[in-house]
Amino acid sequence: MAEASAPLRILVAGAGLFGREHLDRLIKRDDVRIAGIADPNPAACDLARARYRVADLFTDPLEMIARVPADGVIVATPSSTHVEIALRAIGHGRAVLLEKPVAPSADLALRIAETAESAGVMVLPGHVLRHDRNHQRLVEIVKSGGVGSPLYVNARRYRDDSHVARYSDIDPVLMTLIHDIDLALWVAGAPFRAARAWRNPAVGFRSMTATTCITTTGVICDLRTAWTFAAGDLPADRLEVVGDRGSVELEVGRTLHHYAEGNCRGLDLVAPDDALANELDHFLGCLRDPQRKPALTLRDAAAGLNLAGGLLRSLESGGTQEVMA
Ligand SMILES: NC(=O)c1ccc[n+]([C@@H]2O[C@H](COP(=O)([O-])OP(=O)(O)OC[C@H]3O[C@@H](n4cnc5c(N)ncnc54)[C@H](O)[C@@H]3O)[C@@H](O)[C@H]2O)c1
């Protein structure tokens, strides 16, 4: 266990847009020391050096992990690099906060999980919405029976079309729909058994991806992401859960409505809320106290990637896919 009084030494791999979101929050904490940053892009390194006043900057995260003593590593690099960096960190006994998607496939996520479990190293998948107070509130309503038995989940996540160039090497299913997949798993509390996906236009990421999936317990999930919008005002991310006795609906940043027993209750949103700061708080809390249970495991993330794999196969083949793990 890390010494209670000493700052936790954290390494950050990847100082791009999201790595800097992590760093902006870490730098504000006096219980953390940013022990090193790695990014192969010189411009990202220069920016990080100026902004975070960190002496130890590396172009290679594997070298940083081998050379700099640390309590934990945050991996905010492109997903194609996650497996190698996470395995190296685990090999050095460092806990990892691994950005989503944790790996390009469920099999690779399970490989990291098995390695971490046998080394006794904690890896927290970066599914940030698990730490968002308003999503937590919606899930609490569902789990406490507030809508009866869940029957149906509907989620949308629309992004501006700069995503097409920024994330040209990763499918929208893995990049943005993976959030909705994880939310559906969390809310439904069961893995998926079948999935179908459609994309319009059929080719390219500047498109709408619409999916329908069903869990082993029969919950039907309609999950959508589109990378077609102009920058500026976008429809809010939205999550709706319908049960056999009502429903609950979150329009992120706008409203939370609970329909039950013939009444609609508008619930106050927790605002301001910073899900990423909450996630970091949770990760650092788990580092300080190894008895603390992480909010989710790599096996949960692998279950989501299992569905993502089925959806990608469905986009290729045009058919419904069995996705039993
Ligand atoms: N949780 C969320 O809501 C959320 C949001 C955005 C991004 N992300 C995730 O964060 C990660 C980074 O995304 P981003 O938006 O910052 O992308 P980005 O392209 O802005 O930044 C990625 C950075 O990683 C660097 N990099 C590339 N290969 C590397 C390597 N081998 N080692 C170290 N650095 C390397 C690049 O030079 C770049 O600076 C992705 O996994 C992404 O899915 C999560």
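Me: What distance separates the centres of domain 1 and domain 2?
Reply: The centres, taken over C-alpha atoms, are 27 Å apart. The domain bounds come from an automatic or database domain assignment.

Me: What kind of model is this, and how are residues numbered?
Reply: It is a predicted model, in which local features need pLDDT of at least 70, side-chain atom pairs count only at pLDDT 80 or more, and totals for chains, interfaces and linings use all residues. Residues are numbered from 1 along each chain as its sequence is written, and side-chain values use heavy atoms, with hydrogens and water left out.

Me: Which residues make up each domain?
Reply: Domain 1 is 8-129, and domain 2 is 131-275 + 306-322.

Me: How much area do they bury between them?
Reply: About 1,300 Å², with 61% of it on carbon and sulfur atoms. Buried area is the accessible area (1.4 Å probe) that two parts lose on being put together, summed over both. Lys100, His127 and Leu129 supply 49% of the area that domain 1 buries against domain 2, more than any other three residues.

Me: How many salt bridges are there between the domains?
Reply: The count is 1, where a salt bridge is a side-chain nitrogen of Lys or Arg within 4 Å of a carboxyl oxygen of Asp or Glu. Separately, a salt bridge joins the side chains of arginine 25 and aspartate 274, at 2.9 Å from N to O.

Me: Changing topic, how many disulfides are there?
Reply: The search of the whole structure finds 0, a disulfide being a pair of cysteine sulfur atoms within 2.5 Å. For cysteine 221, the nearest cysteine sulfur is that of cysteine 213, 6.0 Å away.

Me: Is cysteine 221 buried or exposed?
Reply: Cysteine 221 counts as buried because its relative accessibility is 0%. Buried means under 20% relative accessible area, exposed over 50%, and partly exposed in between (1.4 Å probe, protein chains only).
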